[in-house]
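Hi everyone, thanks for making the time today.

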Amino acid sequence: MILTLTANPSLDRTIELPGPVLRGQVQRAVWAGQQPGGKGVNVSRAVAAADRDTLAVLPGDVDDPVLTGLDAIGLAHRSIPTGTPLRSNITVTEPDGTTTKINEPGSLLSPQSQNALLDLVADQAAGASWVVLAGSLPPGVDDDFYARAIERIRGLDEPPLIAVDTSGAPLAAALTASPDLIKPNAEELAELLSAAGLLRAAGLLNAGGSRDDARADSDRGATESFEAAELRKTAEAHESAAPLETADLLAIAGRLESSPQLTARATSALLTAGGAHPRSILATLGAGGAVLAQPETAWHAQHPPMDVVSTVGAGDSTLAGYLLGLTGGREPSAALAQAVAYGAAAAGLRGTGVPSPEDARTDAVTVTPLEATVAAPAAAPAAQAAAPSDDSSHRHEGTVPEAEEAR
Ligand SMILES: Nc1ncnc2c1ncn2[C@@H]1O[C@H](COP(=O)(O)OP(=O)(O)OP(=O)(O)O)[C@@H](O)[C@H]1O
Ligand SMILES: O=P(O)(O)OC[C@@]1(O)O[C@H](CO)[C@@H](O)[C@@H]1O
């Protein structure tokens with residue numbers, strides 16, 4: 001059984017526009033719909049769609065629209081009453097697949113409710129194969145909530161494996177409890193690397209990595225390239241220990257999305273960093289597919305270009321596809337192919353759509369092993385960190401040859 005905990009569930013409202021969003025104007029939607037959502041809930045929906053056992057644990061009153069929505073689709077769930085309404089999150093989609101999302105903060109969750117939720121998860125996790133802790137934390141909940149959940153679950157006689165899909169401070173805090181798997185997207189990965197001081201080890205600063213080198217690069221020509229400018233800004237922000245600005249994080253995330261090799265190196269830096277860290281990383285890269293990194297191995301899986309309808313929940317479906325693959329007996333690389341097939345299928349569905357196994361076809365997915373992903377120690381200069389090679393790329397219709405499986 002795959003159990004999910006969604007600390008901050010939502011009613012996902014989706015509005016489809018006939019053209020681009022026009023700020024400040026009245027626009028008429030061509031379609032609108034709503035689904036019970038939140039990251040863990042979506043994982044459970046995808047697992048249930050594959051006819052596999054799942055239980056969604058969440059806060060919320062039984063007559064809340066999220067809970068009645070779960071009743072309506074027959075999804076197994078357990079909740080703790082809160083006396084306050086769950087949030088609504090709004091998605092606006094445009095015909096070219098552009099997805100704009102506005103998420104409410106959610107209602108305050110009292111300390112009593114938080115404890116009741118942790119008790120419920122620990123109680124229900126006995127006998128599960130995986131527990132997924134997913135989504136943001138509502139107001140009133142400390143950043144270490146998922147870390148506390150991990151400690152509770154690990155205290156069970158036969159603890160299940162634990163996956164975490166959240167962002168920012170709750171993700172950083174969860175890492176201190178060494179989850180078995182995390183599923184960051186490119187931006188979350190960039191944020192984690194920055195917070196851990198691993199941007200340079202990950203090869204995300206320029207070769208020399210120093211402010212002077214970056215300046216020298218830019219001084220070489222009167223016209224500083226966009227790339228050089230981004231690197232210089234990043235280096236300066238990093239070395240002055242100032243938090244990276246959103247624009248810098250997005251620039252780094254963009255580089256990760258367009259380079260699986262760089263992502264493999266970045267994930268490797270996290271996996272080999274001193275102190276607590278996750279055991280595996282499933283990094284999703286939007287249209288760039290996903291990288292699965294484990295100590296000493298990494299793979300990239302890619303879906304061909306496709307028409308995107310709504311990417312909301314694509315990451316959750318990716319995680320569900322991966323766990324369905326693993327618990328169904330697939331090797332990690334084959335489970336990765338299934339993960340990307342699930343993510344791509346979800347991106348082709350309206351709203352927070354989750355695919356069925358028939359929608360998620362692995363035969364179109366290419367899986368490529370990435371080599372030399374064990375980076376030099378975190379403090380080593382980028383120039384000495386092992387760079388993954390891409391000369392072993394090949395296509396093998398969603399599964400990997402036995403020789404590679406054995407790596
Ligand atoms: N434009 C796209 N084309 C093809 N596949 C896509 C596209 N966008 C997303 N996907 C698929 O969905 C997966 C997850 O996407 P992404 O990295 O955006 O996750 P995410 O930010 O966690 O998503 P969310 O939080 O909305 O669930 C990707 O790994 C990929 O398989
Ligand atoms: O605000 P959070 O908890 O980070 O994300 C919530 C959310 O955006 O995540 C799901 C898509 O991944 C949606 O169902 C939901 O609206």
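Asp51 sits in the loop between H1 and strand S4 (54-59). When I say helix or strand, I mean DSSP runs, H or I of at least four residues for helices and E of at least two for strands, numbered from the N terminus. Is Asp51 buried or exposed? Asp51 is exposed, because it has 8 other C-beta atoms within 10 Å. Here is the rule: a residue is buried if 20 or more other C-beta atoms lie within 10 Å of its own, exposed if 12 or fewer, and partly exposed in between, with C-beta atoms placed from the backbone. Asp51 is not a glycine, and yet its phi is positive, about 60°.

A word on what you are looking at: this is a predicted model, where local features need pLDDT of at least 70 and side-chain atom pairs count only at pLDDT 80 or more, while totals for chains, interfaces and linings use all residues. Residues are numbered from 1 along each chain as its sequence is written, and chains are lettered from A and ligands numbered from 1 in the order in which they are written.

Ser178 is another residue other than glycine with a positive phi, near 45°. You'll find Ser178 in the loop between helix H5 (168-175) and strand S10 (181-182). With 15 other C-beta atoms within 10 Å, Ser178 is partly exposed.

Now compare a loop glycine. Gly289 belongs to the loop between strand S11 (280-284) and strand S12 (290-294). Gly289 counts as buried, because it has 27 C-beta neighbours inside 10 Å. Gly289 and Val340 are 51 residues apart along the chain, and their C-alpha atoms are separated by 6.1 Å.

Let's move on to the sheets. Strands of a sheet pair through backbone hydrogen bonds, either parallel or antiparallel. Two strands count as paired if DSSP finds at least two bridges between them. One open sheet has four strands in the order S3-S2-S6-S7, with mixed pairing. Which strands stand at the edges? They are strand S3 (31-37) and strand S7 (99-102); each has a single partner strand, so one side of each is left without a neighbour in the sheet.

Inside this sheet, S2 and strand S6 (residues 87-93) run parallel and are joined by seven bridges. Arg13 stands opposite Ile90 in S6. Ile90 also has a bridge partner in S7, namely Ile102. S6 and S7 pair in the antiparallel sense over four bridges. They form a hairpin with five residues between them, and Gly97 in the turn has a positive phi of about 95°.

There is also an open sheet of ten strands, in the order S5-S4-S1-S8-S9-S10-S11-S12-S13-S14, again with mixed pairing. Strand S5 (77-80) and strand S14 (366-370) are at its edges, each with a single partner strand, so one side of each has no neighbour in the sheet. Strand S8 (residues 130-134) pairs with strand S9 (residues 161-165) in the parallel sense over five bridges. There, Val131 stands opposite Ile162 in S9.

Next, helix packing. H11 and helix H12 (residues 332-347) pack at an angle of about 150°, with their axes 7 Å apart. Axes are lines fitted to C-alpha atoms, for helices over the stretch in contact, and angles run from 0 to 180 degrees between N-to-C directions. H11 and H12 are therefore roughly antiparallel to each other. On this scale, angles under 35 degrees count as roughly parallel, over 145 as roughly antiparallel, 65 to 115 as roughly perpendicular and the rest as oblique. H1 and H11 pack at about 50°, with axes 8 Å apart, and are therefore oblique to each other.

Finally, the ligands. How many residues surround ligand 1? There are 21, and the closest are Asn185, Thr284, Ala314, Gly315 and Gly343. A residue is near a molecule if its C-beta atom, placed from the backbone, lies within 6 Å of it. H11 and H12 each supply at least two residues of this shell. Around ligand 2 there are 17 residues, and Gly37, Asn89, Asn103, Gly135 and Ser136 come nearest. Strand S2 (10-16), helix H1 (39-49) and helix H11 (314-327) each give two or more residues to the shell around ligand 2.
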